[in-house]
Amino acid sequence: MGNGHILETKELSINFGGIKAVDGLNFHIDKGEIIGLIGPNGAGKTTVFNMLTGVYTPTSGSILWKGENIAGLAPQEIVKRGISRTFQNIRLFGEMRVIENVLIGSHTNIDYNLFDSVFENNRFKTKEDEATIKAIEILKKLNMEDKIHMYADSLAYGDQRKVEIARAVATGAELILLDEPAAGMNPHESEELLEFISNIRDIGITILLIEHDMSVVMNVSDRVYVLDSGKLICNGLPEEVAHNPQVIKAYLGGDAFVNR
Ligand SMILES: Nc1ncnc2c1ncn2[C@@H]1O[C@H](COP(=O)(O)OP(=O)(O)O)[C@@H](O)[C@H]1O
Ligand SMILES: [Mg+2]
């Protein structure tokens, strides 16, 4: 890998019919960074996540994860390598409890074999116990400890987002992609979320954050990339990006999304 970037894209592109949803994107993330990915609605942010996580196969370009090109790998292969995500449209099992939803994340990385699970031997139980303890720990850090036995369906929107984030953390991922995690949260919840994001970075997790709310991105990100119509128009420190004329124009010209 040489340059030490944990993740790096090279000329990453995808077309849908005639539309270049992402067009020649070059960006990188270093271990331990919190990177903001912003831009107006339709800029291509979620599409970038879909390519990074194997939901979409890029039309061209590469995605280097620790030097290995993972472009076009299946989603489960990418999770195994240490990248997990949350979805802009929450995807929880509504009829399952909070703790069960989070444990689904742990199961992607528990490697007991069929024999162990069929006979429920000690190794299986120990792994299950470990996963449960870890899941509860994560939920506690998100102030969700009193809700672990509630059904996901019955939770407020902000709490459902937290469960998604907990599930992503429970996979043991090194890189977590958060797609508008503060959407549907009140200001107090957003603030707590920012604290949580900083906390998981402090334990060594790297974060790529798509966010609509400029103030959230600016407060928490080490660096910010700005997409507009599939193209990178600017990147740098939050304060540099916030004052960039092209960024201001993109925001005001499009679906104004500051303070929405
Ligand atoms: N599966 C798809 N098929 C066709 N067009 C798509 C698909 N996914 C995304 N797009 C298009 O790609 C562009 C970028 O969308 P998206 O990545 O969701 O934007 P953002 O997350 O920045 O709001 C939009 O024009 C969108 O309609
Ligand atoms: Mg999106």
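Contact here means heavy atoms within 4.5 Å. The model is predicted.

**The nonpolar cores.** Apart from its neighbours within four places in sequence, Val-169 is in contact with Ile-138, Ile-176, Phe-196, Ile-200 and Ile-205. Val-169 also belongs to the largest nonpolar core, which has 36 residues. Within that core, Leu-139, Val-169, Ile-197 and Ile-207 touch the most other members. Two or more residues come from each of α3, α5 (122-141), α6 (157-170), β7 (175-179), α7 (187-202), β8 (206-210) and α8 (214-220). Helix α6 gives the most, with 6 residues. A second, separate core holds 27 residues, including Val-22, Phe-27, Leu-52 and Ile-210. In soluble globular proteins, nonpolar side chains tend to be buried together.

**The magnesium site.** Which protein atoms are donors of the magnesium ion (ligand 2)? They are OG1 of Thr-46 and OE1 of Gln-88, lying 2.1 to 2.3 Å from the ion. Thr-46 lies in helix α1 (residues 45-52), and Gln-88 in the loop between β6 (83-85) and α3 (98-107), so the pair ties together parts that are 42 residues apart in sequence. The table gives the exposure of each donor residue.

| Residue | Relative accessible area | Class |
|---|---|---|
| Thr-46 | 25% | partly exposed |
| Gln-88 | 30% | partly exposed |

**The open sheet.** Four strands form an open sheet in the order β2-β1-β4-β5, with antiparallel pairing. β2 (19-29) and β5 (68-69) stand at the edges. Each has a single partner strand, so one side of each is left without a neighbour in the sheet. Strand β1 (residues 7-16) runs antiparallel to β2, and 7 bridges join them. Leu-7 stands opposite Ile-29 in β2.

Key. Residues are numbered from 1 along each chain as its sequence is written. Chains are lettered from A and ligands numbered from 1 in the order in which they are written. This is a predicted model: local features need pLDDT of at least 70, side-chain atom pairs count only at pLDDT 80 or more; totals for chains, interfaces and linings use all residues. Side-chain values use heavy atoms; hydrogens and water are left out. Donors are N, O and S atoms within 2.8 Å of the metal (3.2 Å for Na, K and Ca); water is not among the atoms, so sites may look incomplete. Buried means under 20% relative accessible area, exposed over 50%, partly exposed in between (1.4 Å probe, protein chains only). A nonpolar core is a set of buried Ala, Val, Leu, Ile, Met, Phe, Trp, Tyr and Cys residues joined through side-chain atoms within 4.5 Å. Two strands pair if DSSP finds at least two bridges between them.
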